[in-house]
Amino acid sequence: MTLLPQTPQWQNLVAHWHELSHLHLHDLFTANPQRFAQLHAEAAGIFLDYSKNRITAKTLELLIDLATATGLTDAIHSMFAGVKINNTEQRPVLHVALRNRSKQQFVVDSKDVMPAVKSVLAHMEQFSNQVRTGAWRGYSGQVITDVVNIGIGGSNLGPLMVTKALGYYHDGPKVHFVSNVDATHIIETLKPLNPHTTLFIIASKTFTTQETLTNAITARNWLLAAYSQNEAAISKHFVAISTAAAKVAEFGIATEHMFEFWDWVGGRYSLWSAIGLPIALAIGMPRFYELLDGAYAMDHHFATAPMSKNLPVLLGLIGIWYINFGEFKSHAILPYDQYLRYFPAYLQQVDMESNGKYTTRHGHQVNYATGPIVWGASGTDGQHAFYQLIHQGTQVIPCDFIAAVHSHNEYGDHQAKLLANCLAQTEALMLGKDLAQVTAELQAQGYDSAAIASLAPHKVFLGNRPTNTILVDKFTPYTLGSLLALYEHKVFVQGSIWGINSFDQWGVELGKQLASVILKEIQDDTQVSSHDTSTNGLLQRIQRGRA
């Protein structure tokens, strides 16, 4: 078996990186006045400018050659066809079926899943309408004013991010999210709430997730305390998103108030399913359908557009260019929109849990870099926190700048200033400022030669720092859905080329297993000696402290 770095396509890119290493982005723009016109693409409400990258037309040709040689087109087709591409768990990967807005079938084990998908959407619509109109009430007959979603991982971060991102559209009950097993999270969330007007959503596929069940039991106890331990109240204040009907019923939730999802829906790709129920409660099901519409439009683009114009493919290939050939290991997500403040954290999970792997689909350890470290924050806050390192640090950090032409909250010149900052940062990262420019500026400001010699080196910016800029007209449910699908598919593109399975997450299992053992030991006062000396010492210190 030929390892990826030994293929001619990979070796061509290695050589090409050395060819371009001496070129500056400033020179690339100077040499080609049509660069922007040639290096942008648009689809499904998303405009992508990728001209401020250290690439040429030849770079894209070579990257597409790599994608072709590694079977990307077949991989895309296999996902949409319901092939079990999650090979370690023998599951298809069909989050695209959840937002399928056509009459296309999606077949799993000879059965079209679309009737079941539509049935769950209809259940979500019926229930969310009841809560939002006041037809569904708490056990004491009061209207539901607050919803608390209890989940973790994909059962929390996706719906949390979307609910906050679409905050402008909120016209239903207030929605809160609890994920951390730290009691502070649920206790502080419940403090201002009224149990008679609060509805809980317990989101756990197996209904066994330790963090979620711990928080769910705490919520249950809080509710029962308000109803004099009358367990009949549970059925009016709790619903479940799960597949474990027996465990849901044992908890006290009526199974007709359980919303199903399937094992071909990975947690970090599940906000399009019943996991999105808190979104529907916050903004209404018609707007939830618009979210699906936007994602479907990007899905269709991804499945049909040629690689040279395909937004997820372009983003994926450019990322591989930097990770594997430039050896840039970090990637910053910088949304210039306050509603998208949770978007970088959401993408951390989508990307790092998907492609944070060192084993190929065939069980071999890779000898090349895979998933990058993904991080970021909303602009302009980030500018006053970590942009210093992006501009003048020793690490080159490719960045995605994300912005909307129009704000939902147009007031004075706020949006113009926000956009000016966004564009200025990408230009500054590209151009930099050389010593001659700095010297001229300091001379114009009246500095003498000694002061200039001392200060100038600190004000030099090397530039040549790559960025993508993603623009939408406005962040609506449709454009947000399209943006999320864009990044989901970008991650898939990279995982496919690297030959890894982007849809399992075995790396989180060992910690869970050890935690169950250590939990019993923390709760016991017997001296522990079964672990390494560090863990033994820490356990003993905790036992003494808690005693």
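1. Strands here are DSSP runs of E with at least two residues, and helices are runs of H or I with at least four, numbered from the N terminus. Before going on, bear in mind that this is a predicted model, where local features need pLDDT of at least 70 and side-chain atom pairs count only at pLDDT 80 or more, while totals for chains, interfaces and linings use all residues. Residues are numbered from 1 along each chain as its sequence is written, and side-chain values use heavy atoms, with hydrogens and water left out.

2. Strand 5 and strand 7 (residues 198-203) run parallel, joined by 5 bridges; two strands pair if DSSP finds at least two bridges between them. Strand 5 also pairs with strand 6 (residues 174-178), again in the parallel sense and over 5 bridges. In that pairing, Val148 stands opposite His176.

3. Is strand 5 enclosed or open? 5 of the 5 residues in strand 5 (residues 146-150) are buried, so the strand is largely enclosed by the rest of the structure. Buried means under 20% relative accessible area, exposed over 50%, and partly exposed in between (1.4 Å probe, protein chains only). In a regular strand, side chains alternate between the two faces of the sheet. Here both faces are covered, with Asp146, Val148 and Ile150 on one side and Val147 and Asn149 on the other.

4. Now the rings. The structure holds 26 aromatic pairs, counted when ring centres of Phe, Tyr or Trp (its six-membered ring) lie within 6.5 Å; planes under 30 degrees apart are stacked, over 60 edge-to-face and the rest tilted. One of them is Trp262 with Trp264, stacked at 5.0 Å centre to centre and 0° between the planes. Both of these Trp residues are buried.

5. Why does the pair Tyr322 and Phe328 count as stacked? Their ring centres are 5.7 Å apart and their planes are at 25°, so the pair is stacked. Tyr322 is buried, with a relative accessible area of 2%, and Phe328 counts as buried at 10%.
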